[in-house]
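Here is a friendly tour of one protein chain.

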Amino acid sequence: MTGNFPADYICEAIDQTRGWFYSLHALATLLTDTGGSLAHIAQDSPAFKNAIVLGHIVDEKGEKMSKSRGNTVNPWTVLDSQGADALRWYLYSTSPPENTKRFSQGLVEDTLRDFLMTLTKY
């Protein structure tokens with residue numbers, strides 16, 4: 001168990017930071033403070049060493065994706081038509097992870113055509 005606490009890295013979306021990150025810190029303090037049930041593992045230890053907060057992924061118009069609005073994108077459609085590498089590169093290269101990202105199958109297609117297909121020509 002000592003290899004799992006504290007976590008080396010956690011990652012969540014911006015809307016989870018108050019609830020999830022705070023809960024992790026509160027539990028770590030409660031459990032590792034003097035007399036806590038995990039104090040023998042790590043005295044006064046934080047819940048995690050590193051964290052990254054991700055922005056939201058929205059549709060190509062910048063609106064929050066929602067099933068009721070009908071603007072969600074089936075990830076399998078993108079993976080089947082453009083492939084995992086194009087999807088990864090699009091998500092990696094469009095903006096820093098903490099920023100909101102616009103997402104659509106067409107934007108991933110642009111990444112595939114403009115960058116990845118260029119690499120295969122040579």
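Leu119 lies in helix 4; helices here are DSSP runs of H or I with at least four residues, and strands are E runs of at least two, numbered from the N terminus. This is a predicted model, where local features need pLDDT of at least 70, side-chain atom pairs count only at pLDDT 80 or more, and totals for chains, interfaces and linings use all residues. Residues are numbered from 1 along each chain as its sequence is written, and side-chain values use heavy atoms, leaving out hydrogens and water.

Leu119 counts as exposed because its relative accessibility is 53% (exposed is over 50%, buried under 20%, partly exposed in between, with a 1.4 Å probe and protein chains only). Together with Trp89, Tyr92 and Phe115, Leu119 forms a nonpolar patch on the surface, with about 440 Å² of accessible area in total. Helix 3 (84-93) and helix 4 (105-120) each give two or more residues to that patch.

Which residues of helix 3 are buried, and which are exposed?

| Side of helix 3 | Residues |
|---|---|
| Buried | Ala86, Leu87, Tyr90 |
| Exposed | Asp85, Arg88, Tyr92 |

Along the sequence, the chain reads β-α-β-β-α-α-β-α, with four helices and four strands. Of its 122 residues, 26% are buried.

Methods. Patches are made of residues with over 30% relative accessible area and no salt bridge: like charges are joined within 9 Å, nonpolar side chains (Val, Leu, Ile, Met, Phe, Trp, Tyr) within 5 Å. Accessible areas come from the Shrake-Rupley method with a 1.4 Å probe; for residues, only the protein chains shown count as cover. A salt bridge is a side-chain nitrogen of Lys or Arg within 4 Å of a carboxyl oxygen of Asp or Glu.
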